[in-house]
Amino acid sequence: MVRSGSIVLVALAAVALFMCSHAFVSSSPRNHALQASSVAMSAVGGSSGATSFELPVFPEDEENNKSASIVFCFILGLVFPILHGFTFGLVLAALGWGLANGSLSNFAKKSESLKEMSEYVGQVADASMSAGALSLRAYNFVATKTKGLMK
């Protein structure tokens, strides 16, 4: 009985010594902790071209306007006063995708129960596309101004 108790005690001491050598905080300094990280080195860089911040400027064509209207609908869902949230943003982004592609307008025109609503769906699609175009112009304005400030 004493022998098994001493074996358990020796095993616990061995595990404790092993765990101390692999502890998160140890007395020996580690090499990687003393070296500066790449993020810190790039923050120190200053005006080098590889580390400067730059926003891309997108052409204002039909495809980018459609994509911008989908993003606008998503952000509208994120900040909508009553039902705001990520899920509602995804729902509005899906509706914005249907409006941008014209599939919701086509569905409303083909459906018997929604025929009288097809005009309103078209107006909402036009409003979504114009909001997307305006948000794309605003983004491009910010992107060009930040390029001018970074030089």
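Visitor: Let us begin with N140: is N140 buried or exposed?
Guide: Welcome! Please keep in mind that this is a predicted model. N140 is found in helix α7. Its relative accessibility is 7%, and the cut-off for a buried residue is under 20%, so N140 counts as buried.

Visitor: Stepping back, how many helices and strands does the protein chain have?
Guide: Reading along the sequence gives the pattern α-α-α-α-α-α-α. The secondary structure of the protein chain therefore comes to 7 helices and 0 strands.

Visitor: What share of the contacts with a separation of 6 or more joins residues 24 or more positions apart?
Guide: The protein chain has 151 residues, and buried residues make up 19% of them. Among the contacts with a separation of 6 or more, the share from residues 24 or more positions apart is 54%.

Visitor: How are α6 and α7 oriented to each other: roughly parallel or roughly antiparallel?
Guide: Two packed helices are described by the angle between their axes and the distance between the axes. Here the axes of α6 (residues 103-110) and α7 (residues 118-150) come within 9 Å and cross at roughly 170 degrees. Angles over 145 degrees count as roughly antiparallel, so α6 and α7 are roughly antiparallel.

Visitor: Which residues of α7 make the contact with α6?
Guide: From α6, the contact is made by L104, S105, A108 and K109. By class, the contact of α6 with α7 has 4 nonpolar, 3 polar and 1 charged residues. On the α7 side, the residues are S118, V121, G122 and A125.

Visitor: Is S118 buried or exposed?
Guide: S118 lies in helix α7. Not counting residues up to four places away in sequence, S118 touches A108 and K109. Its relative accessible area is 18%, and since the cut-off is under 20%, S118 is buried.

Visitor: Which elements give two or more residues to the lining of the largest pocket?
Guide: The largest pocket has a volume of about 190 Å³. Its lining is made by F72, C73, L76, L92, L95, G96, L99, L104, V121, V124, A127 and S128. The elements that give two or more residues to this lining are α4 (62-79), α5 (86-101) and α7.

Visitor: How many residues of that lining are nonpolar, polar and charged?
Guide: Members of the lining include F72, L95 and G96. Gly counts as polar, while Phe and Leu count as nonpolar. Over the whole lining, the residues divide into 10 nonpolar, 2 polar and no charged.

Visitor: How far apart in space are L76 and L90, C-alpha to C-alpha?
Guide: L76 is found in helix α4 and is partly exposed, with a relative accessible area of 38%. In sequence, L76 and L90 are 14 residues apart. In space, C-alpha to C-alpha, the distance is 10.0 Å.

Visitor: What is the relative accessible area of S69?
Guide: The place of S69 is in helix α4. Leaving aside its neighbours within four places in sequence, S69 is in contact with A100, S128, M129 and G132. S69 is buried, and its relative accessible area is 0%.

Visitor: To finish, is E54 buried or exposed?
Guide: E54 lies in the loop between α3 (38-44) and α4. E54 and M150 are 96 residues apart in sequence and 8.1 Å apart in space, C-alpha to C-alpha. With a relative accessible area of 54%, and a cut-off of over 50%, E54 is exposed.

Definitions and conventions
Residues numbered from 1 in each chain as written. Predicted model: local features only at pLDDT ≥ 70, side-chain atom pairs only at ≥ 80, totals over all residues. Heavy atoms only, no water. Axes fitted to C-alpha atoms, helices over the stretch in contact; angles between N-to-C directions. Helix = DSSP H or I, 4+ residues; strand = E, 2+ residues; numbered from the N terminus. Parallel < 35°, antiparallel > 145°, perpendicular 65-115°, else oblique. Contact = heavy atoms within 4.5 Å. 1 Å grid on protein atoms, 1.4 Å probe; cavity = no way out; pocket = protein on both sides within 12 Å on 5 of 7 lines; lining within 4 Å. Points joined across faces, edges and corners; volume = space filled by probe spheres on them. Buried < 20%, exposed > 50% of the residue type's maximum accessible area, 1.4 Å probe, protein only.
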